[in-house]
Amino acid sequence: MRTAGTGGLTAFGATTLAGNASAHEAIDIPPRYLEQYRETGTNWGMDWTYLAGIGAVETQHGQYEDGCETSSAGARGPMQFMPSTWEAYGVDGTGDGTADSCDYRDAIPSAANYLEANGAPKNWDDALYAYNPRWSYVEHVKEHAAQYRDRYGSGDGGDGGSGGDGGGDSPAFADGDRVTPTTGLNTRHRPGTESTVLATMQPGSIGEIVNGPETVDGYTWWGIHWLEDDSWGWSVERYLTVADGGGGSEGADFTWPIDGYITSPYGDRPGHLAVDFGNDRIVGTPICAARDGVVDVVGYEADGCGNYVTLGHENGYQTMYCHLNSVAVSDGQHVSRGQQIGGMGDTGRSTAPHLHFTVERNRVQQPIPGDDGRHVIAGEAIPKAYDGL
């Protein structure tokens, strides 16, 4: 892997080879590469379009001296491996006894090997971030992958929990169901891959089923009203999953902990694996438990969270609430979803009154959806399905 340039971390990183695919245009995939991406996706049980997205962003599918030109950082091959990373994750895809980073038939399965080791296909964001620790890179690859799904068809092989593509006896959804994309997903004017793209919806966007299903171009399509954008369109079932967007009802995984708006989304800068919320700098805005649980810690960090509370939940989950101006619970106390645990403040390392909120599972940070400026209501469900709850 190439060196990221700060902190001594190693990562694949964006290639320095000239002529990279732009963030908005996914170039056509050469037939031999397309065959290898699809075969690798099937063999590794993952959506091949993410592999193709990486191949496009890194080397435009090996179109620089067949992918063997070395970058300024020393990375080689169509999937741009550093020698040390290749030694750890290189795969002999051809079965000829040699793993060659310059052979796309070895390099593409090796990229799948690395991505799987870092959470794919269940957590594509973290896996792609491990490939290159920049969120702009993650979005770039996902954007290409979404275009390839439209252009070449289903990603197959597993996409992290979508609702399938209509192969059963009964429809996956019904009128009124609320859904969210499992990846960047185009919504179109009419069912069909040739129809005009109206928008690309991201995970966390909530839509309501209003029409369908329709089968066009080999896909099952649903008519969806995307609530936050107040837009209507058609999207493919394979990349939709049920979202509990309904007011913090019984059974919601986690609910928003505050009435306010997002001031800093998850992963918007390096190391910020949390969501920050504001509410017009109103100190004391109620902070509520995101789920039933037990108070693990009530603490204080002068150069960090300030006054903070952590809650333990079922199956290894924990939530943290930082920069509180007041705390209304104590260590070991049982709390209920929606119960006030404190008030928003400006304690610790903080530039203005806000809430810093995290979800962890077994000490691993979990992504939280939501764009900058999104308004949230305490008690309404966070539109993400967390495993095991």
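Visitor: Why is T310 called buried?

Guide: T310 has a relative accessible area of 3%. Buried means under 20%, exposed over 50%, and partly exposed in between, with a 1.4 Å probe and protein chains only. The value of 3% lies under that limit, so T310 is buried.

Visitor: What is this value taken from?

Guide: This is a predicted model, where local features need pLDDT of at least 70, side-chain atom pairs count only at pLDDT 80 or more, and totals for chains, interfaces and linings use all residues. Residues are numbered from 1 along each chain as its sequence is written, and side-chain values use heavy atoms, with hydrogens and water left out.

Visitor: Where is T310 found, and what does T310 touch?

Guide: T310 is found in strand β14, residues 306–312. Strands (E, at least two residues) and helices (H or I, at least four) are DSSP runs, numbered from the N terminus. Not counting residues up to four places away in sequence, T310 touches V294, V295, D296, V297, Q318, T319 and M320. Contact means heavy atoms within 4.5 Å.

Visitor: What makes β15 and β18 a pair?

Guide: Two strands pair if DSSP finds at least two bridges between them. Strand β15 (residues 317–327) and β18 have six bridges, in the antiparallel sense. Among the bridge partners, Q318 has E360 in β18.

Visitor: Which sense does the pairing of β11 and β18 have?

Guide: Strand β11 (residues 275–278) pairs with β18 in the antiparallel sense, over three bridges. F277 stands opposite L355 in β18.

Visitor: How do you know that β18 and β19 pair?

Guide: There are two bridges between β18 and strand β19 (residues 364–365), in the antiparallel sense. The pairing rule asks for at least two. R361 has V364 in β19 as its bridge partner. The hairpin of β18 and β19 has two residues between the strands, and N362 takes a positive phi near 50° there.

Visitor: Why is β18 described as mostly covered?

Guide: Of the seven residues in β18 (355–361), six are buried.

Visitor: Why are helices α2 and α5 called roughly parallel?

Guide: The axes of α2 (residues 48–59) and α5 (residues 124–131) come within 12 Å and cross at roughly 30°. Angles under 35 degrees count as roughly parallel, over 145 as roughly antiparallel, 65 to 115 as roughly perpendicular and the rest as oblique. Therefore α2 and α5 are roughly parallel to each other.

Visitor: Which residues of α2 and α5 meet?

Guide: Y50, I54 and E58 in α2 meet W124, L128 and Y131 in α5. The residues of this contact divide into five nonpolar, no polar and one charged.

Note on methods: Axes are lines fitted to C-alpha atoms, for helices over the stretch in contact, and angles run from 0 to 180 degrees between N-to-C directions. Ala, Val, Leu, Ile, Met, Phe, Trp, Tyr, Cys and Pro count as nonpolar, Asp, Glu, Lys and Arg as charged, and the others, Gly among them, as polar.
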